[in-house]
Amino acid sequence: MYWHSLKVQKRVIGALLIREIYSRFGRQNLGFAWVIAEPLTFALPVLGVWSLLRAPFERGLPMIPFLWSGYLPLMLFRHIGGRMLMFIRVNAGLLYHRQVTIFDLFVGRALLEILSNLMAVVCSAALFLTIGVLKWPLDLSMFYLGYFYMIWWSVAVGMIIGGLSERTELVEKIWQPISYLYMAVSGFFFLSDWLPPRLRDFALKAMPSIQCYDMIREGLFGRVVHAHYNLLYLSILFSAMTLFGMALLREARKHIEIE
Amino acid sequence: MIKVTGLSKEYRTEEGRSHLVLSNISFTVRRGEKIAVLGRNGAGKSTLIRLLGRVELPTRGTIEQTMSLSWPLGFTGGFQGSLTGNDNIRFIARIYGKPIDELKAFVEDFAELGKFLSEPVKTYSAGMRARFAFALSLAVDFDCYLIDEVIAVGDQRFQRRSHEELFEKRADRSLILASHDPGIIESYCTSALVLHRGRGKVFSDLDLALEIYNDL
């Protein structure tokens, strides 16, 4: 019985994923290739401009790889959060199909953003490695670990944002400013090691993405980066956020109204 | 069987007051039974449909279900307009675990949309969309069909075929039919749930039900 429902869920999420891909990227011109191309069309020009404006090295770290490893996780966070605004409301009609749950709708959307982002990481890395502006990560498993926690963080926030946006329209309005502010404080532009010690301890706890960025950068540049992270802290915090998000999604069913 | 017990639904208004849309509704739909849901606008019919469809959760009460219940027949809200008819068929086939070809063949034959099936659903006229939705609902087999008003879609030929599919070929299935139209109810239903201001009562005497409904 349990296996059966798991199989149904897998089927439903698969179908939702395909539906998302078609409805977002369409069939014409690039079609599915947009999954990769879309994040790249954002990332490449931005990285290009920055690399012209900034010094090639900052505190001993090469600028382009540093920005590259900052920008793609930032996009993941912003895209997942943005896609989850009112996501239940716009798909409420699908809930008439009893096997489709709100959780499935969430997973379908989040999965597409994650896949799209990871493909952009792979493609841009391949490009940058080839033209020589990026070196192969010194500690690949650390890089993966950091990215994994970054995905978890983005998904947990997306879940909470999605759940709250069904309750009040305020969330939709403040998401833009939040996501800009996030850019400044997320750890995109800095390592926690560069912060004064007292601020650092506070920042690492208050903005957990800084820990994820530290891990990603240590994975990329090796031990020249002194990453500050606590996997237990992150795991507990993100689990709690995920559970809270799931509770919000459950609750959201009480707030949706469809014709 | 679908057994509804003590179903209530409360909404909060903008000012924070609560508004009881359904109050303590109970009824049972057995296999093959065809029940009408009668009620004036605002009596709670649509809310009941949404609760039965499990789109919304009841404030109180339970819905026990041992037979499969369709989504509202002809409901078009679940379509993604930018997807083609075929895409939507594939999606439904996937989530219900049905063979795609089988569903496609049925919809092609029944909705008679021809090459429009490979066009985005948003380009369909209202009539085409309704025909498409109706065909797709029938293509997936259910024990009980949920019908909210829209029973007369399409032209006469389509209506005749719909009638044949729904009431002749699927005569052994159950129906929950919400409608204002006494004619439709008299010809298809065997009992009726009359809703008035959120309260509900089941009548096995259809004439009595209609009489009471007319007096409301």
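Predicted model: local features only at pLDDT ≥ 70, side-chain atom pairs only at ≥ 80, totals over all residues.
Colleague: What is phi of Met86(A) near?

Modeller: Near 60°. That is a positive value, and Met86(A) is a residue other than glycine.

Colleague: How many other C-beta atoms are within 10 Å of Arg54(B)?

Modeller: There are 19, so Arg54(B) is partly exposed.

Colleague: Staying in chain B, where is the place of Ser26(B)?

Modeller: In strand β2 (residues 18–29) of chain B. Ser26(B) has 15 C-beta neighbours inside 10 Å, so this residue counts as partly exposed.

Colleague: Which residues does Ser26(B) touch, leaving out those up to four places away in sequence?

Modeller: Val4(B), Thr5(B) and Gly6(B).

Colleague: How many residues of chain B are in contact with chain A?

Modeller: 18 residues of chain B, and they meet 22 residues of chain A. On the chain B side, 8 are nonpolar, 6 polar and 4 charged.

Colleague: Now chain A as a whole. How many helices and strands are there?

Modeller: Chain A has 10 helices and 2 strands. From the N terminus the order is α-α-β-β-α-α-α-α-α-α-α-α.

Colleague: What radius of gyration does chain A have?

Modeller: 19 Å. A compact globule of 259 residues would have one near 18 Å, so the two agree. The C-alpha atoms fill a box of roughly 60 × 45 × 40 Å along the principal axes.

Colleague: What share of chain A is made up of buried residues?

Modeller: 39% of the 259 residues. As for contacts between residues at least 6 apart in sequence, 74% join residues at least 24 apart.

Colleague: Let's pick a helix. What should helix α2 of chain A span?

Modeller: Helix α2 (residues 34–53) has 20 residues, so at 1.5 Å a residue the span should be 28 Å. The end C-alpha atoms are 28 Å apart, which agrees.

Colleague: Where is the kink in α2(A) centred?

Modeller: On Leu40(A), with a kink of about 30°.

Colleague: Which residues in α2(A) are buried?

Modeller: Ile36(A), Pro39(A), Ala43(A) and Leu47(A). The buried residues of α2(A) pack against α3 (63–83) and α5 (102–131) of chain A.

Colleague: Last topic. At what angle do α6 and α7 of chain A cross?

Modeller: Roughly 145°. The axes of α6 (residues 140–165) and α7 (residues 170–185) come within 8 Å.

Colleague: Which residues meet there?

Modeller: Ile161(A), Leu164(A) and Ser165(A) in α6(A) meet Val171(A), Glu172(A) and Trp175(A) in α7(A). That contact divides into 4 nonpolar, 1 polar and 1 charged.

Note on methods. Residues numbered from 1 in each chain as written. Chains lettered and ligands numbered in written order. Contact = placed C-beta atoms within 7 Å. Nonpolar A, V, L, I, M, F, W, Y, C, P; charged D, E, K, R; others polar. Helix = DSSP H or I, 4+ residues; strand = E, 2+ residues; numbered from the N terminus. Rg over C-alpha atoms; globule rule 2.2 N^0.38 Å. Buried ≥ 20, exposed ≤ 12 C-beta atoms within 10 Å, placed from the backbone. Expected span 1.5 Å × (residues − 1). Bend = angle between axes of the 7 residues up to and from the residue. Axes fitted to C-alpha atoms, helices over the stretch in contact; angles between N-to-C directions.
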